[in-house]
Each structure stands twice: as C-alpha cells, then as structure tokens.
Amino acid sequence: MRDQARVVIIGGGIAGCSALYHLTKEGWSDVMLIERDELTSGTTWHSAAQVTNFGMTQTMIGLKSHSIALYKELRDDPEYPVGYNYGDGGIRLANTEAHMDGYRHFVSLAAGMGVDFEVIDAEECARRHPLISTENLLGGLWDPTDGHIDPAQLCQALARRARLAGAEVNRHTPVTGLTQHADHTWTVHTEKGDVKAEIVVNAGGYRCNEIGAMMGVSHPVASMEHQYFLTEDIPAIAEAGHRIPLLRCPISDYYSRQEKGGLLVGFYEQDCRTWGMDGIDPKFTNDLCPDDLDRVMDVLEGAFARMPALMETGIRSIVNGPITYTIDGAPLVGPIPGKHNAFCIVGLRAGLGEGGGHGWLLAQQIVHGEAEYDTWVIDPRRFTGHASVELTALKAIEDYQNEFRFHFPHEHRPAGRPMKTTPLTSLLAAEGAELGTVNGWERVDYIKPSPDFSETLGFRFNEVHSVVAGEVKAVSTGVGLCEVSGFNRFELTGTDVHSFLDRMICGRVTKKPGRVGLGYLLNHHGMLKAEATIANIPASERGPDRVWYGSAAASEYHDMDWLNLHLKPDEDVTIRSLTNAQTILVLAGPKSRDVLSAAARGDWSKQAFPWLSVREAYIGIAPATVLGVSFSGELAYEIHVPNENLAAAYTALRKAGEQHGLQLFGARAVDSMRLEKGFLHWKVDLLTEFDPFETGLDRFVTLDKGDFIGREALMQRIDAGPKRKLVTLAIDASDAPAHAGASVKTADGIVGTVTSAGWGHRTGLNLAYAFVTPSSSEEGQELTVDILGQSLPARVIAFAPYDPKHERMRA
C-alpha cells in the first residue's frame, strides 16, 4: 500500500468505486480506495440493482442518463463484460388523476434532458406487463430504458478500469482514524499503516457516520431494513415471449422485476424499521438482517391483487438488508460542510441505479470545483444544524412509506415537524397560518380563510389560488405583515471587510454607511455561485461598524464555506453567523411606512429613510434592524429582530397596523409577487450552470472595477457568447401553472426549460421564468410551454411586467 495519495476514498461499494473510476477519467491517477472488507460487502452486494432513468429533477435525470450510458459501455466491454439487462422497460403505476398529472409533467421534464418517457393508460400497462390486473388503475409512466445490473460485476469493472488508469485499491484495510493538519491535508490511519492525502472522500455506506466521527462531523444518514424475495419460475413469464418490464406501484407499495424465470418482488411496508441506530456490529459484513415477512403482509396482499400470479408461486429466497436514506431521500454528494478537502458520497438509497452518475458529478467537483450540472439537489450543505441522525430516521421512515409517491407542489409532509420554530410559530398557527418548511424552519405558506380549510394537492390551481389572490391584493392596496424565518444572516467585522467583499462580488459593493446593496458571487468558472444582500450598519451601542451579509434560508453552510475558503490569512475579517438568532418581519404595501412610523420612533419619511437604507431602531420595545428593501415590488421593510424580542415587535406592528387594515400574508403571495417583479430565487433561477449575463443580471456586473473571483472566466464566456438566456414568459393557460423542468418549444423542438412559475395576481398573467436558446429569447417571441401533457402558447415578455420602473417600492 502506498503511503500517500492525492485522494483517498474510504468505502468500496458502488459509491467509492464510481468516484475512484471517475477521478481517473478526469485525469487524476494518484488516487486510492480503501475498503475495510471486500468490495461491495456493505449494501451494494444485496441491492435489487434496478437502473431507471426516472428522476424528479433534471440533475437527477442527467446523472442517471450518465449511469445508463456507462453501464452499457461496461456491458459491451469484451475484456470484462458486466451483466446488464438494459431496456426491459418499466412502468410506474397510478390510480389518481393528480398522480397522472405528475407523470405528464415528468415526461416534459425528461424530454429537456433528451430522455423519452411515455404516459400510458391502464389497458396499455396490462398489454406491456401481462401479469398485472387493471383494477383500480388509471395508467402509468413508461421508461423504455429501465433494467437492472449485476452489482458485484459493476463495482469490480469500475475498480478494474481505475487500476488500469493508475489508481490503487486496498481491500481488507480498516481505517482507524483521520487527522487533518493545519494545511488542510489529511493523514488516513489504517491497520496497515498511514496514508497522507490531500483530499479524503467518505463513501462509507451505512458506516458513513463511523467515518464521519473520525472527522468530527455527523451526516444526516439513517438506514432502513428493506426486504425483497425471489420467486420460483412463473409460467406466464415464459409464455410472454419477452422480458417482463419492471413495475413500481405507489398503490400497494411494492416493486418487481424479472429474475431468471421468476420475479424479484420488493416491499415498502408501512410497518417499517430503522437499522443500526444504536451502532453497527463490526462483524456485520456481507450480512443480512433476519427475515420478517410478517411485517410486509399488508403490502403483499396489494401485490397479490395487482399480480395474481404471485398467489400461485413459491418463494425461492428472501433478502432483508439495510439501505441508507437522508432527510429528503436524495444522496449527499459533494463537499462536507465546514471542512476543507473533505467530500462525501453517501446516503445513496438507489445507489446502483444512480451510482455511476453520482461518482461522475463528485469527481468533477473535486477536480474542477464544480460539476457541469448544478448539484444543489444532492449537495451535503443543503441541510444545516438541524440535520441530526434522529431527524433523518423520522424522515427516512416517512420517505420509505411513500417510496413511489412523489412530492406534489407545495406538499410539506409531517414527519420531524416542528423542527425549527420562532416565538411566533404557535401564535401564527393560532391565527390560521398554514405552515410549510424551509430548511427545517416552519414558515407561513398562506393564511387559511377558515379553521377547516384544506388544500387539494396537485399540479393545477386549487382552492389556495383565491386565498393567495386576496393576500396579494391586501399587500398591493394596503399593508401586509409576513414572518420570514431562517433567512441566512452573517455579520462581518474588521478593517478589510469591504475589500474582501469587493473581491468576492462581481459588481460594485456599496461602502456607504447606512446603505444596502445587492451583489452576486461567481465561481471560478464565471458562473453564479451566490446572491447576497449587503447592509452597512454604522457603529452603535449594539456593536462596531459591521456588514450584514444576507442570503437564502438554505444557503448558510454553502455560503459560509465559500467565504471562508477565500478569506486570506492576513485579512482582518471576522465572520459570525446570526442565522439562528434573528428573524425577519416583512412589512409591505403602500401603507407600510404609516405602520412603521406608528410602531417606531424616528423619521421614516422617504427623505429620511429612502429605499435601500438600513437603520437600527426599536419596534415598540423590541430592538430591530430595519432594511428598506422589497421582494414584493411594493414599498416594504425588512425588520430583523432578535428572536427573544420577536413577539414584542410583532405585537407592536399588529397594534400599529389596526387602523390601516394590516393583514397577514405568506410565502405563496411573496412568490407570486416576485415573479411579477423579475426577482429570482437562488438554486431555482440562479444556477451554477449559467453566468450573470445569461441570467439577465448584467447591471450587477462591473468588469472594470478590478479583479474578482470568476472575472477571467466570465470574460472568456462573454467573448464566446451566451448559450442560454433567462426570459419571462406569459402563458396562455388558466387552469394550471408551468412547473420547474417543463420544456419550452418552438416548431423545431425543445429550446429551453422552465425554472420557476406561477400566477401573477396583480398582472393577471400566468408567468414562468425559463432558460432558452438566444434565438428564442427576443421579446415578443412566440413559444409553447408543456403543461401537464399539453403544449400551450407562451410569449416572451419584458422582465418585471408589474411596475417595471420600480416606482412603487421607491415611494
């Protein structure tokens, strides 16, 4: 075993083998994999190993497409062919129209990635899968590429190719410790000696938190017991004359695929069980949990009803083994929060099917700093301080119980709630607030018109549409109050703060005391990395001169890592997070100044406190920091209040607002209004796949101000010209909005993809943002947008169709 390597990967399942292979494909050969036992001896060896192209985001579809292409290449390798049944086809069943709507949307989403799915009716489902009954069935989603692969052969093939490229694989080599040094390099301690490494990758599967503990971190990963059985031969399979398609059934919570002349049938029972919560036996390797078919009898009855042939078939063998989950079901692939030169590729519940793509995107991040797709959907930093293993276990149970039931728009499932609350959460709920979650924080979605009001979840406009319209009207004609919990907030102090920010941000950084500005941070490829509100707060009894850096609620770990990574040792800058210490109350509408003036001493006139000002004040008796900024497009104020004083500030504003008809509003009203104003959401419309010019943020770039991160690469991109342009679309439809991932088309085919969409209640427009080809981006261009199986007319319109000169928020 070598005593040094540029990268050491710990874990020899599909995650580790894929990462190792793809690092060599990116040109790094000085890489090593260390496995405590044999390759695939954790979860990989007993995987059902299904390989589907289905995903609910384009990033997930893209990485699965990469997996499929790689696995086909490995299958056809004459020197070491891998057993891969490609193209059996697969059906995801549905028995509700809402579920069928979801499938219609996913067809369009996949088409934008060059993947062809098909929505089929119940009769066609039965024609393609002769073992199923059509009772209580509407139809399904057909994936023609669906299949399965041999897990051990796949991993051995990846390891073999990596070795041929210069990588080293060490089996039967337990890691006993990890030491990180002042220069951020590592020593990996093993039973066979130490290895010095520049970078360490945790690919430890269900033992990932044993490795994490050696680093001083905990990953939100928990394991679930999962059972499947293999049947005896079924005559109808032989009679079919073709391989039986894979089946995934959200109606009865099971799946099946052909295995030789029989079936492999797996279950996601409601009486499910976590595994390894109190530690894992060191001897548990190439091992399984005890069989427990009694636990899946309710699900098995549903499988019998859907596939009657199962009732006449014997069981050949049973497998019950652990599989890993995260809080939201997607894996953790990327930088480990708070650590330099440390990455992870863990929580891969569908590891075999997706593992090729996960290793591909991780290798790109390690070698190039970013992947070619925006990887936020799998970024380990998308969860912050609330992300414990205990919370993950609750969400894992919930996710397991709903394995094939995708999330509907605006669906917030109940497990693990409430996790993070403010002093107002219970009070707002008592006032009728319907609460959703943002990074674990309870946040008001809308205010229910009556205690018994409930929403019908789906992809079309529903009962909440008119409720949101009322909230928007209240804000645009009078005054509204909204709590924004979890907003990311850093306090920066020191003599070099502004020069540091000037290097980080691609535009002018406001330095004037008492003023606020908006800035964008780029990565080294000239692409959008982060968005930040910069507020210069003068010295007072609350502290010295300081800058507040505000960003999206989920960005805390992401932005802190990026800032710390680029902070020079000799710079006088201290960064302190206030994210969990304060909460924002947004006061918005033409009467908001009147309410603020009644609740807080001082002159709040336009002359004394113009737009983009910041001032410390008292709201009633509560200390607060007030920013004159707006995400709604109306005159508005962000009032930042320490959580211990939040109830006092809220009470003062409610009392001051009584004579002005103040009403509460929620996040859905905010989203409607920001769409009308051309305001973008981070990691929704602001993506690392595009630069600021492609995203329509030209006014926030100052190329002649001196050097900033990403400037050189951005200049090269400008010379090359844009590949896409972000546009605003007005869609000719009234029953449903577009949804993220929907395809935008011309007569020549797909020209773009929707990033976010919704109804603009002040303009009466069905709006969408979309990245489209430059030739399709001109104002007035006629396009179509896929909405739930229909291509509907859409027109490119100017950004900010509501008050384009921003006169209302400057009033």
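Colleague: How many of the ten residues of strand β26 (residues 528-537) are buried?
Modeller: This is a predicted model, where local features need pLDDT of at least 70, side-chain atom pairs count only at pLDDT 80 or more, and totals for chains, interfaces and linings use all residues. Residues are numbered from 1 along each chain as its sequence is written, and side-chain values use heavy atoms, without hydrogens and water. Buried means under 20% relative accessible area, with a 1.4 Å probe and protein chains only. Strand β26 is mostly covered, and its count of buried residues is nine.

Colleague: Which residue of β26 is the bridge partner of G519?
Modeller: Strands (E, at least two residues) and helices (H or I, at least four) are DSSP runs numbered from the N terminus, and two strands pair if DSSP finds at least two bridges between them. Strand β25 (residues 516-522) and β26 run antiparallel and are joined by seven bridges. Within β26, the partner of G519 is A532.

Colleague: What is the phi of G526, in the turn between β25 and β26?
Modeller: The two strands make a hairpin, with five residues between them. In that turn G526 has a positive phi, of about 80°.

Colleague: Which residue of β27 is the bridge partner of N536?
Modeller: β26 is also joined to strand β27 (residues 546-551), by five bridges, and these two strands run antiparallel. In β27, N536 is partnered by V547.

Colleague: Which strands stand at the edges of the open sheet that holds β30 and β33?
Modeller: Six strands form this sheet, in the order β30-β31-β32-β29-β23-β33, and the pairing is mixed. An edge strand here has a single partner strand, so one of its sides is left without a neighbour in the sheet. The edge strands are β30 (614-619) and β33 (663-664).

Colleague: Which residue of β31 stands opposite I619?
Modeller: β30 and β31 pair in the antiparallel sense over six bridges. They form a hairpin with two residues between them, and G620 in the turn has a positive phi of about 65°. The residue of β31 opposite I619 is A622.

Colleague: Which residues of β31 point the other way from A622, A624 and V626?
Modeller: Strand β31 is mostly covered, with six of its six residues buried. A622, A624 and V626 point one way and are buried. Pointing the other way, and also buried, are P623, T625 and L627.

Colleague: At what angle does helix α16 (residues 646-657) run to β29?
Modeller: Axes are lines fitted to C-alpha atoms, for helices over the stretch in contact, and angles run from 0 to 180 degrees between N-to-C directions. Helix α15 (residues 592-599) lies across β29 (582-588), β30, β31 and β32, at about 35° to β32. Helix α16 lies across β23 (480-484), β29, β30, β31, β32 and β33, and its angle to β29 is about 10°.

Colleague: By how many degrees are neighbouring strands of the closed barrel turned against each other on average?
Modeller: The barrel has six strands, running β34-β37-β36-β35-β38-β39, with antiparallel pairing.

Colleague: Which residue of β39 is the bridge partner of L783?
Modeller: Strand β38 (residues 782-787) and strand β39 (residues 790-797) run antiparallel and are joined by six bridges. The partner of L783 in β39 is A794.

Colleague: Which helix lies across β36 (749-760) and β37 (765-772)?
Modeller: The helix spans residues 667-677. It runs at about 125° to β36, and it is α17.

Colleague: How far apart are the axes of helix α1 (residues 14-25) and helix α5 (residues 151-164)?
Modeller: The two helices pack at an angle of about 30°. The contact (heavy atoms within 4.5 Å) is made by I14, C17, S18, L20, Y21 and T24 of α1 and L154, C155, L158, R161 and A162 of α5. The distance between the axes is 8 Å.

Colleague: What is the relative accessible area of K64?
Modeller: K64 is found in helix α2 (residues 58-75). Leaving aside neighbours within four places in sequence, K64 is in contact with T52, N53, F54, G55 and E354. K64 is buried, and its relative accessible area is 8%.

Methods
Buried < 20%, exposed > 50% of the residue type's maximum accessible area, 1.4 Å probe, protein only.
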